[in-house]
Amino acid sequence: MANLGNIFDYQNDPNKSKYDGSKGNGRFPKPNKPIMIYYIVALLLLLLINTMIFPYLKEKSIISTSYSEFLTELDKSNVNQVELDDTTITYTLKSTGEDTVYKTGRINNYFGEVDRMYKAGANFTEEIPTSVSPIWLILYNLLPFILLMWFGSRLSRRISQMGPGGGGFMGMSGIGKSNAKVYDKDKTGVKFKDVAGEEEAKELLAEIVDFLHNPKKYNDIGAKIPKGTLLVGPPGTGKTLLAKAVAGEADVPFFSISGSEFVELYVGMGAAKVRDLFKQAQEKAPCIIFIDEIDAIGKKRNSNGMGGNDEREQTLNQLLTEMDGFDGSKGIIILAATNQPDSLDPALLRPGRFDRRVPVELPDMQGRVEILKVHAKDVKMAGNINFDSIAKACPGASGAELANMINEAALRAVKAGRERVNQQDLEESIEVVMAGYKKKNNVLTNKEKLIVAYHEVGHAMVAAMQNNSAPVHKITIIPRTSGALGYTMQVEEDGNHYLMSKEELENKIATLTGGRAAEELIFKSITTGASNDIEQATKIARAMFTQYGMSEDFDMVALQTQNNAYLGGDMSIACSEETQKNVDDAVIALVKEQHRKAYKILEENLMKLHEIVKYLYEKETITGEEFMSILNSKENAIEEQAKNAASDSTV
Ligand code: ADP
Ligand code: ZN
Ligand code: MG
């Protein structure tokens, strides 16, 4: 229910997730070292070698000359090397270098010829090379092959590191090797203090760290530390981070692999990888094996034996076998993380395997403040940041989303050319992460803007006029890229709210219908903008009957069961068709009643509605305080405020 606080309106695409902009870890993604680099290096090397060998490969030009020409050069002392045989003189000239070789016929028995050459300073050599040396030729032909082989081995190594689907190309030796990355202590570098909040989880994991530090203490008494520990919780809550922190604290090797990496191109490879992983771990013990997203291989196996994923099952079976096989006292600890614990095969959860569960929940108010502070450390912040108000404005945000917010705020500060992140950057980034970016150009017509303004103030007023309803934090009619044209941000006063009374839920429904009610009251017509409200109101109303037992008729009977509590969970109906019909009727009646109530509230406060809408229409965004001060002020004070607002925007 934590996410029901904000009302997003005019969703263009109602199926689009409103909380999807937050999957990263809040930092820029590290680009993978592309294979392209190997291509380029190989190419450059080839070029370099070519240019080095090339001078030696140059064919020499051979020029035939007359004997008299030779004599002329000889007299000029221009002859460099001379090679004599019976019929020819081969020579090079000082002026043309060694690459040009001259040949001329030799006049036999010309006495004094050699003497004359000697005097002219010619150097006699046995042979003046006239063609390329075979060594260079061999080198020239072999080097590209050598390079290609080196390049190929690099490439296949890269490919076998890339995991699923990639193994086996060229480097057959890479197949079946696990891709587990070994992190050393200084490589993860993550400590428990880097994980904010999650005190319970840290406490449970501290025992594992202690065991790895003093296994003797446990072994002496005969206590067995659980072999497998399963971190369970929604995405982005820091499961992976916690596992790294355990490794960082325990100071032991850390094998990290994702479940999906076991699923290979070739059948049987997943199982081979599991075997290899445990073999490596046994050599490095004490150590930690971390299997992230274990649901990729650990899903329940098919009992009907038809259409199952054989490869996955084999891998899972191998994992089970290995977990049974190794000696726990050696100090191999297996951590695994999942956000779908219910989908795991029961065999995995049996004692002796993953028998310990560590819940990693979404952070509460205090946890959110701490997470924000942890991540704010890496960023230059203004001194007067109020983290409490930021945390208060984003109930239901995960650690990953909060980390992302800090980064978004830093980006915004850079964009504005500021050196430090200020409060406004952070407030803006809440909206960026939670509701999409502000649209640059206003796509709304003035009429539409007015409708949206009435709609949003309708929500806010109904919320404020009901006793138990949460006060308004912010109303805005600036469109977001997520598709919401405006939204009303509600905040529970005490941060998180775990128990909700029947009245609170009813008020929530009334608040959700308030937008549509305002449209009806003012424009006597209705728009498509309430689709999200309708969805949420219906969900709450239905849950009140089917899950929370909040009606006389159905009493405390569960009419629906939730399949997966961590992923929002789809519901399956657990009642007869007749009851279902009754539930539907009751849901309709409840929503109708609350809709009427909202309409009445707005009708009774029509003047205030107009005033606030006027103010909002001009400012586009108003805070909860501004809203409340207009709502609570006396008549003339309102006029004053309206006047101020009007003069602000230079009418
Ligand atoms: P999960 O594995 O549960 O999906 P991660 O551990 O990958 O989530 O978390 C993603 C990122 O969110 C982390 O790298 C960290 O920056 C941030 N984060 C999540 N939870 C926390 C937390 N409790 N304290 C600090 N940072 C957190
Ligand atoms: Zn609405
Ligand atoms: Mg993770």
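# Exercises on strands, a ligand shell and ring pairs

Strand E3 and strand E4 (residues 88–93) run antiparallel and are joined by 4 bridges. The model is predicted, so local features need pLDDT of at least 70 and side-chain atom pairs pLDDT 80 or more, while totals for chains, interfaces and linings use all residues. Residues are numbered from 1 along each chain, chains are lettered from A and ligands numbered from 1 in the order written, and side-chain values use heavy atoms, without hydrogens or water.

## Exercise 1: Strand E3 and its partners

Work out which residue of E4 stands opposite Val79, and which way E3 and E6 run relative to each other, parallel or antiparallel.

Solution. 

1. Take the E4 side. Val79 stands opposite Leu93 of E4. Between E3 and E4 lie 3 residues, and the two strands form a hairpin.
2. Take the E6 side. Strand E6 covers residues 123–124 and runs parallel to E3, with 2 bridges between them. Strands pair if DSSP finds at least two bridges between them. The bridge partner that Gln81 has in E6 is Asn123.
3. Check the cover. Buried means under 20% relative accessible area, exposed over 50%, and partly exposed in between (1.4 Å probe, protein chains only).

## Exercise 2: The sheet

Give the order of the strands in the open sheet, and state which strands stand at its edges.

Solution. 

1. Write the order. The open sheet has 5 strands, arranged E2-E5-E4-E3-E6, with mixed pairing.
2. Find the edges. Strand E2 (61–64) and E6 each have a single partner strand, so one side of each is left without a neighbour in the sheet.

## Exercise 3: The shell around ligand 1

Identify which residues come nearest to ligand 1 and how much of its accessible area the protein covers.

Solution. 

1. Count the shell. There are 17 residues around ligand 1, and Ala196, Gly236, Lys239, Thr240 and His375 come nearest. A residue belongs here if one of its heavy atoms lies within 4 Å.
2. Assign the helices. Helix H8 (239–250), helix H13 (365–376) and helix H15 (399–415) each give the shell at least two residues.
3. List polar contacts, which are pairs of N or O atoms within 3.5 Å. An N or O atom in the Thr240 side chain is 2.6 Å from an oxygen atom of ligand 1. For Leu241, a polar backbone atom lies 2.9 Å from a ligand 1 oxygen atom. For Thr237, a backbone N or O atom is 3.3 Å from an oxygen atom of the ligand.

## Exercise 4: Aromatic pairs

Decide which geometry the pair Tyr91 and Tyr102 has, stacked or edge-to-face, and do likewise for Tyr454 and Phe523.

Solution. 

1. Set the cut-offs. Rings of Phe, Tyr and Trp (its six-membered ring) pair if their centres lie within 6.5 Å; planes under 30 degrees apart are stacked, over 60 edge-to-face, and the rest tilted.
2. Start from the whole structure, where a search finds 7 aromatic pairs. The pair of Tyr91 and Tyr102 is stacked, at 5.3 Å centre to centre and 20° between the planes.
3. Tyr91 lies in strand E4 and Tyr102 in strand E5 (residues 97–105), 11 residues apart. Tyr91 and Tyr102 are both buried.
4. Turn to the other pair. The ring centres of Tyr454 and Phe523 are 5.6 Å apart and the planes stand at 85°, so this pair is edge-to-face. Tyr454 belongs to helix H17 (residues 446–465) and Phe523 to helix H18 (residues 502–523), 69 residues apart. Tyr454 counts as buried because its relative accessibility is 8%.
5. Look for a cluster. Tyr67, Phe70, Tyr91 and Tyr102 form one aromatic cluster.

## Exercise 5: Positive phi

For Ser77 and Asp555, find in which loop each residue lies.

Solution. 

1. Ser77 lies in the loop between helix H2 (67–75) and E3. Ser77 is not a glycine, yet has a positive phi of about 60°. With 34% relative accessibility, Ser77 counts as partly exposed.
2. Asp555 lies in the loop between helix H19 (531–546) and strand E15 (560–562). Asp555 is not a glycine either, and has a positive phi of about 50°. Its relative accessible area is 48%, so Asp555 is partly exposed.

Notes: Polar contact = N/O pair within 3.5 Å; in protein donor to acceptor, adjacent residues only side chain to side chain. Areas by Shrake-Rupley, 256 points an atom, 1.4 Å probe, with all protein chains shown as cover.
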